[in-house]
Amino acid sequence: MTKASTRRFRDGRAVLLGVLGAVTLAAAPAVSAAAAPDFDTMVVGGHDATEPYSFMVSLQQEGQHFCGGSLIRPDWVVTAAHCAAGQEPAALTTRIGSEDRTTGGEEAGVAEIVVHPGYQPAAPGDDVALLRLDRPVEQQPISVAPDSGAAGDPTRIIGWGVTCDDGQQCPELPTRLQELDTELVADDLCADFDGATELCTDSPTENAQGCNGDSGGPQLKGERGRWELIGATSRDGDKDPNCGTGTGIWTDLTAYTDWIDQTTA
């Protein structure tokens, strides 16, 4: 994937943040441009999920995945603001708790979209939104961690984003959920970054990182069966146009717990 696409993590911010040296990570559903936002999706350098994630959410339009999310209450999902801003709730559906974005888990509609009031497409920070489902689901939600951790701490990202940087070599999104072990790194390794509300992230695996279509999806800390949520996939972290190289930026959800609690109360 090259900078010509101007998308790596964020959709709505792609053109404006391209000027700042960042690209977005949302995915393009196979529907008309009038019917859906122009998103892209996948984890570069990752592998098939090795365990179930009951809280993992695929956000969809007309049955096509375009962003990820995390179930944090039986009827609330947290995602990236750039995935939700400008959307109509009735146009969105969710598939929750399945490793296959096309089947399984539970399906629910979206009744309400709440974008963080500080979100500005051209500025770093506040890239977070909440979706109220049209009914509670039975899948197990994930808790937001008390704190995100420090540089050097291990994390994990999961999503259905593109798996390589060359869109001609991997034009299709993966059907099976992908995972990649990552780590928090020093704030100064990310460009156009808000250290108070964002997480600078890299991977010990060479040429591996979140990419188009992973937007809004979770960054986790913990271990198998005991994961806590710390981040939502936001955007590229460096000025290299390739997804697989350099750092990525995740919204630090632990910085928004008061807003999340007030909104979902």
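Residues are numbered from 1 along each chain as its sequence is written, and side-chain values use heavy atoms, with hydrogens and water left out.

Let me begin with confidence. The term pLDDT denotes the predictor's confidence in each residue, from 0 to 100. The protein chain averages 84, and 80% of the residues score at least 70. A contact means heavy atoms within 4.5 Å. Where pLDDT is low, the predicted coordinates should not be read in detail.

Next, the overall composition. The protein chain comprises three helices and 15 strands; these are DSSP runs numbered from the N terminus, helices being H or I with at least four residues and strands E with at least two. Of its 265 residues, 55% count as buried. Buried means under 20% relative accessible area, exposed over 50%, and partly exposed in between, with a 1.4 Å probe and protein chains only. The accessible surface comes to about 10100 Å², and carbon and sulfur atoms account for 48% of it; areas come from the Shrake-Rupley method with a 1.4 Å probe, and for residues only the protein chains shown count as cover. Among contacts between residues at least 6 apart in sequence, 71% join residues at least 24 apart.

I turn to the interior. A nonpolar core is a set of buried Ala, Val, Leu, Ile, Met, Phe, Trp, Tyr and Cys residues joined through side-chain atoms within 4.5 Å. The largest core has 42 residues, of which Y53, L71, I72, L130 and L220 touch the most other members. Elements giving two or more residues to this core include strand 4 (64–73), strand 5 (76–79), strand 14 (228–236) and helix 3 (257–264). A second, separate core has nine residues, among them V43, A145, L184 and L199. Leaving aside neighbours within four places in sequence, L71 is in contact with residues including F55, V57, W76, I96, L133 and I142.

Now the disulfides, of which the structure holds two. For C67 and C83, the torsion about the S-S bond is about -80 degrees, so the link is left-handed. This pair links distant parts of the chain, C67 in strand 4 and C83 in helix 2, 16 residues apart. Both C67 and C83 are buried. The other disulfide joins C190 and C200, whose sulfur atoms are also 2.1 Å apart. With 90 degrees about the S-S bond, the C190 and C200 link is right-handed. C190 sits in the loop between strand 10 and strand 11, and C200 in strand 11, ten residues away. C190 and C200 are buried as well.

Which buried polar residues deserve a slide? Take T155, found in strand 9 (residues 154–159) and buried at 4% relative accessibility. Its side chain makes a polar contact of 2.5 Å with the side chain of T182 and another of 3.1 Å with that of Q219. A polar contact is a pair of N or O atoms within 3.5 Å; within protein, one must be able to donate a hydrogen and the other to accept it, and residues adjacent in sequence count only if both atoms are side-chain atoms. Beyond four places in sequence, T155 also touches L180, T201 and I230, among others.

Q60, in strand 3 (residues 56–61), is buried at 5%. A polar atom of the Q60 side chain lies 2.8 Å from the backbone oxygen of R101. R101 is one of the contacts of Q60 beyond four places in sequence, which also include H65, F66 and L92.

Finally, the backbone. Most residues other than glycine have a negative phi. D126 has a positive phi of about 60 degrees and lies in the loop between strand 7 (106–115) and strand 8 (129–133). For D192, phi is also positive, near 50 degrees. D192 lies in the loop between strand 10 (178–184) and strand 11 (198–202), and is partly exposed at 29% relative accessibility.

Technical notes:
Disulfide = S-S within 2.5 Å.
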